[in-house]
Each structure stands twice: as structure tokens, then as C-alpha cells.
Amino acid sequence: MEWDSNSESDLSGDEEEEEEVEEESGEGLGFMLRKRGGGGLPFPVDRLLQPSPCGFVVTDALEPDNPLIYVNSVFEMVTGYRAEEVLGRNCRFLQCRGPFAKRRHPLVNPTVVAEIRRCLEEGIEFEGELLNFRKDGSPLMNRLRMTPIYGDDETITHIIGIQVFTEVTLDLGPLPGSLAKEPARASDRFRFNISLSGVVSDGSRNIGRGVCGIMQLSDEVLALKILSRLTPRDIASVGSVCRRLYELTKNEDLWRMVCQNAWGSETTRVLETVPGAKRLGWGRLARELTTLEAAAWRKLTVGGAVEPSRCNFSACAVGNRVVLFGGEGVNMQPMNDTFVLDLNSTNPEWQHVKVSSPPPGRWGHTLSCVNGSNLVLFGGCGRQGLLNDVFVLDLDAKHPTWREISSLAPPLPRSWHSSCTLDGTKLIVSGGCADSGVLLSDTFLLDLSMEKPVWREIPVAWTPPSRLGHTLSVYGGRKILMFGGLAKSGPLRFRSSDVFTMDLSEEEPGWRCVTGSGMPGAGNPGGIAPPPRLDHVAVSLPGGRILVFGGSVAGLHSASQLYILDPTEEKPTWRILNVPGRPPRFAWGHSTCVVGGTRAIVLGGQTGEEWMLSELHELSLASSVI
């Protein structure tokens, strides 16, 4: 699989090789696949052009059970299965009669199935015929050709399949459970009149006048209507299939559309501000942020200082600036000053920003960015006890001023809660510690775009156990993920490694347990879960993945180990991410924010003996910022 569009590829050999390919393939059409031992292997398309619709599929051989990652429109029309129904599944479901069948149909030749399995295991091509079934249960004969694609390390990365479907006459009776009064004739089901593919049906006899339908589409239609809707990983797979798709997937405008559709407009806009992003290119940026192959730790040297020394502050990113507010000073003194670190400057240094009407000093609060350059501050513990006030600061204003928001029906005063923002206008607050050390499990929303904002508690049928010191992350636009913290379990409190999610786009949002051992609907996924912890940090990556680092960890486990989870997977699985460089020496008490979508800046930390704020560390996710 070639992710780097700037690297040399077997698809772009010298002119003599191209001429030889054209002579062998007749009309100059051919797949150039990577075979074992290196070199290009001509895969002549004309041998596959048959007077029948041609299905085209791609599977990911690096994932368990070879899941489908791409099917063309002919596959959808012939089989009756929509792409969204089959992507992520092994293609063997076509051997079952109907979408609800659990076993392979007895008329499917087991010898052919065994031969397919053998070819996959040995990494060689397969060509043969196999009985398949449409979604409505009607039979098809599939003349199948499967070819493995090898990566640079001689590992099979993908399998491509060309499926030439033809009618087969078998009296199988009605599909069990079918509601149809009269089964349609096979010739009536198979009605195509696709001018783009040149396939016309004449009863049970099909006449082909061209190549597979997808290859007859214009470059513009392929790019705008098909390729732009795929994920970055799938685009890389499709680009390995043939010369024309390879050339299309080198286009930077296409890659930008792919990234925008996959990650959202806001993330794409932020990535455009990253220094060196244009030089790196969208294709490579997408690859590095998807594979995390370029992730590395490095220590940042910055000027200035945050004085006086403090802990339990809160920080967030505004564009390429890191903003720090408040914290606990010497002798538990609550601080209320604001510092800014501009990472775009030639020599970044901490600047003490003089602002008007600062909020009361506090620690254990949250600081978030909303609507571009606005900061929103909530809660914490001050000189007079716990707080539930809300303040907003426009960092780009000529005279920055903290402004208190008079909101109705506020939640209980609290500290050590967690918060995040949605749509650039809404503040979400969850859990924390109330008076007398009572742990909370509620979730509140405040829409700051309203003239008179009103707090609204999100009603749910079930809530995760009460907790503090947890994290709240946003993914997929309007979904939130809760991880870890010090959670209540009966009369006791334990560090947690549980994961809960909520989709706020639903009419009746509710918490769902993704991982954990003792919660309703809990399931322990594969992989190694992070040890239970609190006061850690969680970073939301483009594409929805969550990166967890640091914290107060139970036992002798290392807090510097990175863990990553993709909650969008059907079965989310924790994975350990090993990256080069030196992580922060301090195990917990960090504050972290993502700058420019590609850098996680880690501030502070404690060893149990001293607090440190002068040391900054950066987890860089893309090579352009190192």
C-alpha cells in the first residue's frame, strides 16, 4: 500500500516498461500490482472484461478476517446489498442465502471455498467459480478472481476481487421468511440499463459493450462522487489498484475533500494553519495522522516563566496559542492570572496577559475554547469554597476582559469535574466533587450562543458511577467519551479504566458502556486496556480516536505509556502506541491541549516531590512540525 504520493512507486516505471505493458495488455489497460520479490506484475483488465456486470471489491488484509473496505456500484446493484451493509464484513456472506442466513448454503461447493482459503493463506491468486446469492435469496454464479497486494515489507496489505456475475437456474423455493406473494422471475430482477458502463440486459442474456462500470466514469465524477466519500485509509487502498486510480489519488484537492469529509470542516480548517502543512501535502498529512507513523516526543524550550509557581491549573489551545489560567499557588493560594504561549512565534515565550475583571482565583476548574478565540471558564475551588460560575474571555479583543455569564439553573458548585465543547458554542460539564466530598454523576449543557444562556441537565435513564478526575472528549461531531477517574463503587472509591459514550445528536441521549468489567452492558475488548487512573489527559485525534496518557495510576504501571482507542469501531479495542523520543519525566498532574490538530502540548507534572511548569513536552503527530 503506497500512502506517500510523493514517493517513488512501481506504478510509475520507465517508459520502456510502460510500452511493454501496453503490448501485453492489448489496449494499454492493466493493474500494476506488487508481487512477492518486488517488481510490477501486469494484471490485464481485458482478460476480465466479460459480457456481464463486473463487481469490484477491495479487502483489508491487515485486519482480522479480511473485511471489505470498498465495493463498487455494480456489486451493489447485482447483489442487492448496499455498501453500508457490507463494509467491514468478510465477503463470505454471499455464500449464505439471504441476509439472515447464518450458514453457508449446502449447494455452495466446499472444495472451492477451501481452495479460496488456501490461496489466501499462501498469498497467491485465485480464479474460479462459486455459487453466490443476492440479498433476496436468488442464486448467482460468481466467476471470481482474487489477487493479493504486497506492501514494501512483503506483507499482504489488501486483496482485490473481480466478480463476473451470471445468472444460474436453480429451483430453491421461496426464501424462508419472505413476505413476497409472488416470487419475481430471475430475469425480471436482473434489469440494468446503465449507459455509463455499457451494460444492457436482454432477459437472461447480457450484452457488454465496455469495461467495468466504475472505470467508465469521468475523473471528476470518480473524485467528487465516490473517492471523496471514502476514508483516508480506503483512498490509499484504492490508489493501489490501477494506474488511473493511482493518478487520481495523488490529487491534493481530492485529499483535502477526503480529510474534510472524514474529520470535519473545523479540524480541516485548523490543520491548514499548521506551519509546513502545505509543504507536507494533504495526502501525506492524512497518512501520518491515520497511521501515527511519524508520532514522536520532544522537549520544548520556551522563554518566559509562569510565576509564581503553581499546580492544578487549567490550559487549552486557541489556534496555535496555549492559554493557562489560575491554579493552586504556594500555601494553597488560589490564582486568577492568565498566561499565553504563542507557538507560532520564532522564539515562543510565556506572556502574562493583563486582562480586566479577572474571575476569583481558583484551582480544579476547567478552561475550554469556544467560537474561535473565546475562552470559557467554569467551576473549581476558590477562597470561599466550591464555585459554579461561568466566565468568558475574547483573547483577540483589543482590551481582553473576563465577562461573567449570568446563566439560569446552574449545576451544583464543584471542582475536579470534566468539560468539553460542542459546535463551538456549547459547554458540556460532567461529574466532579461537590461539598463534603460527594462525588457527582450528572451531565449539564450550556448553550453560550443564547442571549440568556440556560443550563440544561441532560436526562438519561442510567448514569455511570459518580467520579472525579476523569476526562471528557468529543468525537464524531456530537459524541462524547468519558474515561477513567476516581469512581464510586458502593461505599468505596477506586481508580477507573471504564469508557462510556453518549451521542448528543439522538433525541433521547443516553450513556453507553463501551469497556469495563462491572457496568451494565460492559464488554472487555481485545488488546491491553490502560491501567485504572485519574488526573490523566485524553487527546482527541482527527478521525475520532482518543489518546490517553499519564495520570495517577494504580500499581507499578508506567504512566508515560500511550494508549489509543477508536470508539467508532464496531468493537472498540485499546492499542498501545509506542513512539520514539523522551516522554515527560513527571507522571501526573499534567495539563494537555492539542495545538493545530497535530501537536499535543504537555504542561506541568509532579513526581510526588516537586511541581514543574518550566518543562514543556510535545507529542508531535506529523513530521512537518518536528
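The model is predicted, and local features are reported at pLDDT of at least 70, side-chain atom pairs at pLDDT 80 or more, while totals for chains, interfaces and linings use all residues. Residues are numbered from 1 along each chain as its sequence is written, and side-chain values use heavy atoms, with hydrogens and water left out.

The largest nonpolar core has 49 residues. A nonpolar core is here a set of buried Ala, Val, Leu, Ile, Met, Phe, Trp, Tyr and Cys residues joined through side-chain atoms within 4.5 Å; buried means under 20% relative accessible area, exposed over 50%, and partly exposed in between (1.4 Å probe, protein chains only). Leu547, Leu562 and Leu619 have the most contacts inside this core. Helix H10, residues 252-263, gives the most to the core, with five residues. Helices (H or I, at least four residues) and strands (E, at least two) are DSSP runs, numbered from the N terminus. With neighbours within four places in sequence left aside, leucine 619 is in contact (heavy atoms within 4.5 Å) with Ala296, Trp297, Leu547, Leu562, Val579, Thr598, Arg599 and Ala600. A second, separate core has 17 residues, among them Leu300, Phe313, Val322 and Ile601.

The second largest pocket holds about 570 Å³ of space. Pockets were defined on a 1 Å grid over the protein atoms alone, as an open set of points where a 1.4 Å probe fits, with protein on both sides within 12 Å along at least five of seven lines; lining residues have an atom within 4 Å of a point. Grid points are joined across faces, edges and corners, and the volume is the space filled by probe spheres set on the points. The lining of this pocket comprises 27 residues, of which Asn90, Cys91, Arg92, Gln95 and Ile116 are the closest to its centre. Two or more lining residues come from each of strand S3 (54-60), helix H4 (110-122), strand S5 (126-133), strand S6 (139-150) and strand S7 (156-167). By class, 13 lining residues are nonpolar, eight polar and six charged; Ala, Val, Leu, Ile, Met, Phe, Trp, Tyr, Cys and Pro count as nonpolar, Asp, Glu, Lys and Arg as charged, and the others, Gly among them, as polar.

The structure holds eight aromatic pairs. Rings of Phe, Tyr and Trp (its six-membered ring) pair if their centres lie within 6.5 Å, and planes under 30 degrees apart count as stacked, over 60 as edge-to-face and the rest as tilted. The pair of tyrosine 81 and phenylalanine 93 is edge-to-face, because the ring centres are 5.0 Å apart and the planes are at 70°. Tyrosine 81 lies in the loop between helix H2 (73-79) and helix H3 (83-86), and phenylalanine 93, 12 residues away, in the loop between H3 and H4. Tyrosine 81 is buried, at 3% relative accessible area, and phenylalanine 93 is buried at 6%. Phenylalanine 378 and tryptophan 455 form a tilted pair, 5.3 Å centre to centre with 55° between the planes. Phenylalanine 378 belongs to strand S17 (residues 374-382) and tryptophan 455 to strand S23 (residues 455-457), 77 residues apart. Both phenylalanine 378 and tryptophan 455 are buried, and ring pairs link Phe378, Phe444 and Trp455 into a cluster.

Threonine 443, in strand S22 (residues 439-447), has a relative accessible area of 3% and is buried. Beyond four places in sequence, threonine 443 touches Ile428, Val429, Ser430, Arg456, Glu457, Ile458 and Trp511. Valine 71, in strand S4 (residues 68-71), is buried at 7% relative accessibility. The C-alpha atoms of valine 71 and arginine 82 are separated by 9.0 Å.

Several local features fall in loops. Glycine 303 lies between strand S11 (296-300) and strand S12 (314-318) and is partly exposed at 24% relative accessibility. In the loop between S11 and S12 is also proline 308, whose peptide bond from glutamate 307 is cis, with omega near -5°. Most residues other than glycine have a negative phi, and most peptide bonds are trans. Tryptophan 416 has a positive phi of about 55° and is partly exposed, at 27%. Serine 436 has a positive phi of about 60° and is exposed, at 79%.
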